[in-house]
Amino acid sequence: MKIITWNINGYRSAEKENRIKELIKKNQPDIICLQEIKMNDKVQNTYGYHCYYNFAQKKGYSGTMVFTKKEPMHVIYEMNLDRFDSEGRFILLEYEEFFLINIYVPHGGRQKENHPYKFATINRLLEMIKCLNKNVIVCTDFNIAHKEIDVKNYKTNYKNNMFTLEEREKIDELLGCGLIDSFRSLVKEGDIYSMWPNGFHARERNMGWRIDYIFVSQRLENKIEKVEYLKEQLGSDHCPCIIQIKI
């Protein structure tokens with residue numbers, strides 16, 4: 001099975017440039033999890049997939065979406081957090097073998113003004129994962145870089161949003177719930193990122209952050225065949241992450 005996660009930073013613009021079609025044609029994924037779709041109506045071309053949406057109440061903002069070849073048993077769109085649920089940041093699909101979670105964690109704010117909201121979201125996710133009775137796959141823009149190896153300029157970012165100690169410890173808590181960072185289970189090298197800030201030719205210079213992840217249950221670790229970031233895939237300031245896993 002191939003699963004892709006991607007903060008697409010606006011589905012319509014990517015669709016207009018045929019980036020979705022390009023991604024599907026090159027990789028033939030079974031499931032695609034998209035974050036920050038920034039739209040409020042369904043697409044006409046679903047490329048033969050079942051398609052599930054969670055739109056934000058605010059037009060042109062946030063939102064998540066899942067393409068899947070196999071129809072799930074159940075779909076859940078809320079985490080019982082009022083602000084979070086109003087922003088369309090969550091889709092849970094239940095299959096016979098596993099739960100798939102697509103979650104777009106709040107940014108937190110440049111001045112960390114939204115950290116209470118961000119931490120409340122992650123805490124609720126942790127509670128939910130602990131209650132699930134099957135293997136779990138979490139596809140996410142987590143808006144946190146976990147280790148120094150995950151930020152190009154880590155020395156100047158220790159006190160900045162997305163790399164504070166308090167945020168990084170939340171990933172430690174997530175891993176403590178029995179999940180693993182699927183990419184780091186296979187790849188230990190640095191200079192591999194998933195998001196590059198706009199301006200200063202950051203992407204060309206590889207001045208990036210690894211804040212997009214596919215977390216999986218520890219029990220699935222020996223079933224992971226490959227995980228990689230598709231840096232050459234354009235269409236967003238983030239690139240997709242793809243996992244190939246036997247499940």
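Which residues of helix 4 are buried? Before I reply, some conventions. This is a predicted model, in which local features need pLDDT of at least 70, side-chain atom pairs count only at pLDDT 80 or more, and totals for chains, interfaces and linings use all residues. Residues are numbered from 1 along each chain as its sequence is written, and side-chain values use heavy atoms, with hydrogens and water left out. Helices (H or I, at least four residues) and strands (E, at least two) are DSSP runs, numbered from the N terminus. Buried means under 20% relative accessible area, exposed over 50%, and partly exposed in between, with a 1.4 Å probe and protein chains only.

The buried residues of helix 4 are His115, Tyr117, Lys118, Phe119, Thr121, Ile122, Leu125, Leu126, Met128 and Ile129. Their cover includes helix 3 (82–86), strand 6 (90–94), strand 7 (98–104), strand 8, helix 5 and strand 9 (179–181). As for its length, helix 4 covers residues 115–131, and its 17 residues should span 24 Å, the expected span being 1.5 Å times one less than the number of residues. The end C-alpha atoms lie 25 Å apart, which agrees.

Let me turn to strand 6, one of the elements in that cover. Five of its five residues are buried, so strand 6 is largely enclosed by the rest of the structure. On one side we find Phe90, Leu92 and Glu94, and on the other Ile91 and Leu93, all buried.

What does strand 6 pair with? Two strands pair if DSSP finds at least two bridges between them. Strand 5 (residues 74–76) is joined to strand 6 by three bridges and runs antiparallel to it, with Val75 opposite Leu93. Strand 7 also pairs with strand 6 in the antiparallel sense, over five bridges, and here Leu93 stands opposite Leu100. A hairpin of three residues connects strand 6 to strand 7.

Finally, the backbone angles. Most residues other than glycine have a negative phi. Asn143 has a positive phi, near 55°, and sits in the loop between strand 8 (135–141) and helix 5 (165–176). His201 likewise is not a glycine, and its phi is positive at about 50°; its loop runs between helix 6 (182–186) and strand 10 (212–217).

Are these two residues buried or exposed? Asn143 is buried, at a relative accessible area of 4%, whereas His201 counts as exposed at 58%.

Key. Contact means heavy atoms within 4.5 Å.
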